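Biologist: I would like to learn how to read a few features of a model. Please take me through them one at a time.

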Amino acid sequence: MNRREILRTGSLSTLGLLAAQTFPSARAQDRAAGANGRIRIGIVGFSDRLTSSLLPAYKAVADQFNCEIVGVSDLWSRRRDDAKAYFKKKFDQDIETYRNNEEMYEKAKLDAVIISTADFQHATHAIEAIAAGCDVYCEKPFAETMEDARAALKAVKSSDRILQVGSQRRSGENYAAAHEFLKSGKFGPIVAAEMTWNVNQPGRWRRPDLVAALKEEDIDWKRFLCNRPDDTFDPRKYLEYRLFWPYSSGIPGQWMCHQIDTVHWFTGLPHPRSVAANGGIYQWKDGRKNFDTLTAVFDYGPLDDPSTGFQVTFSSRFSNSAGGTKEIYYSNGGELNLDTNKVTSNGGLGKQEAGAMKLEANLLEEFKLEGTGGGAASSANTGADPLTTSHMKNWLECLVSRKQPHAPVEAGYQHSIATIMANAAARTGERVTFDEKAQEVLAGGKVFKY
């Protein structure tokens with residue numbers, strides 16, 4: 001490995017994890033050998049995301065694998081009752097429910113779990129699952145602080161467990177085709193990327209009816225806080241956590257991490273070199289603390305060569321949906337548009353402009369990327385969309401094969417760095433960088449946590 005390769009993958013090499021390997025456990029080998037090792041799966045967090053997307057995706061492909069969901073853990077008694085009713089109706093099954101994860105790990109004898117809890121809990125719950133000997137499907141964002149990200153990465157890499165992060169673009173055929181095209185060199189160097197995620201949904205991430213129903217005695221509030229600072233009970237922070245830092249970074253952790261992950265995947269770069277961002281609560285004055293509008297500008301490139309690179313801009317607003325969800329990569333010869341799934345010469349160097357400087361024109365030939373799907377699903381209830389279904393299928397395949405999934409822990413670690421950097425930049429107003437040695441996000445030269 002040369003110096004540039006080391007620097008490109010510096011985030012992991014600094015932690016001494018590049019040499020880490022996975023070895024299938026005896027139980028995994030039994031499954032791979034075709035023994036009667038039915039995979040027992042547990043649910044950590046009976047969430048809206050779980051019932052609207054993850055379980056429909058699981059149900060669509062589960063018959064292809066020797067697996068079953070055998071238990072659900074949730075802190076809220078109502079959600080445990082909802083789980084019993086859901087599995088009876090959708091799976092014709094009497095599901096066991098548990099008051100917390102420890103109880104489920106002790107009694108359910110699990111092989112794997114699907115984690116769909118609050119954003120700030122994902123890393124801690126992944127560590128718990130690994131310690132219990134389970135493989136993991138972990139919703140994004142992987143972590144919202146670098147302390148959590150480092151601990152979860154170390155736990156996974158020190159084990160023989162399979163972890164798939166919920167970055168479902170990595171299982172999309174059109175995204176895989178884009179990756180292959182960029183690797184071929186035909187696109188030329190990336191000069192910029194534009195990413196947008198706009199909605200007009202005052203109810204997005206709101207749960208007013210459930211908030212009114214939630215009582216402190218029905219949950220374990222201290223357990224919910226996990227490793228966050230002590231706080232008084234607040235049903236909105238419990239159910240509408242996406243609107244409140246430090247329980248969620250909001251736009252960066254919910255949406256940006258999906259799109260910025262493609263930059264790391266497509267280029268091999270481990271994280272941004274720097275980020276500047278701002279935003280505000282401009283439209284929905286409903287008591288939320290996380291922004292309803294945010295723009296972040298990223299500098300990406302080789303970590304050892306600041307003379308080359310490209311800029312990524314990400315913008316999102318809740319107040320007007322024009323523009324929708326888009327990811328467009330640009331080179332000097334045109335664009336790769338993951339909304340239309342087309343490569344075109346749009347914006348490329350034309351003959352007249354090139355001739356003025358005695359250069360050759362540089363215009364990409366138009367073609368359509370192979371694979372299903374256009375822009376990724378972005379509605380509040382995506383159902384069993386193709387990307388999520390393909391991603392769930394890939395995870396189940398890997399539970400048997402013991403191969404690494406499409407979105408392994410490294411993908412989650414890298415999108416966490418970018419997410420934390422954007423959040424830090426927006427909250428502090430400082431230019432944010434990354435300390436490669438300490439693996440810390442620095443805002444104005446100071447470590448950012450909350």
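Biologist: In which helix is Asn 101 found?

Modeller: Helices are DSSP runs of H or I with at least four residues, numbered from the N terminus. Asn 101 belongs to helix 6, residues 101–108. This is a predicted model, in which local features need pLDDT of at least 70, side-chain atom pairs count only at pLDDT 80 or more, and totals for chains, interfaces and linings use all residues. Residues are numbered from 1 along each chain as its sequence is written, and side-chain values use heavy atoms, with hydrogens and water left out.

Biologist: Is Asn 101 buried or exposed?

Modeller: Buried means under 20% relative accessible area, exposed over 50%, partly exposed in between (1.4 Å probe, protein chains only). Asn 101 has 9%, so this residue is buried.

Biologist: With which residues is Asn 101 in contact, leaving aside neighbours within four places in sequence?

Modeller: Contact means heavy atoms within 4.5 Å. Asn 101 has Val 44, Ser 73, His 125 and Glu 128 in contact, with those neighbours left aside.

Biologist: How are helix 13 and helix 16 placed, and at what angle do their axes cross?

Modeller: Two packed helices are described by the angle between their axes and the distance between the axes. Axes are lines fitted to C-alpha atoms, for helices over the stretch in contact, and angles run from 0 to 180 degrees between N-to-C directions. For helix 13 (residues 251–267) and helix 16 (residues 409–428), the axes come within 9 Å and cross at roughly 125°.

Definitions and conventions
Helix = DSSP H or I, 4+ residues; strand = E, 2+ residues; numbered from the N terminus.
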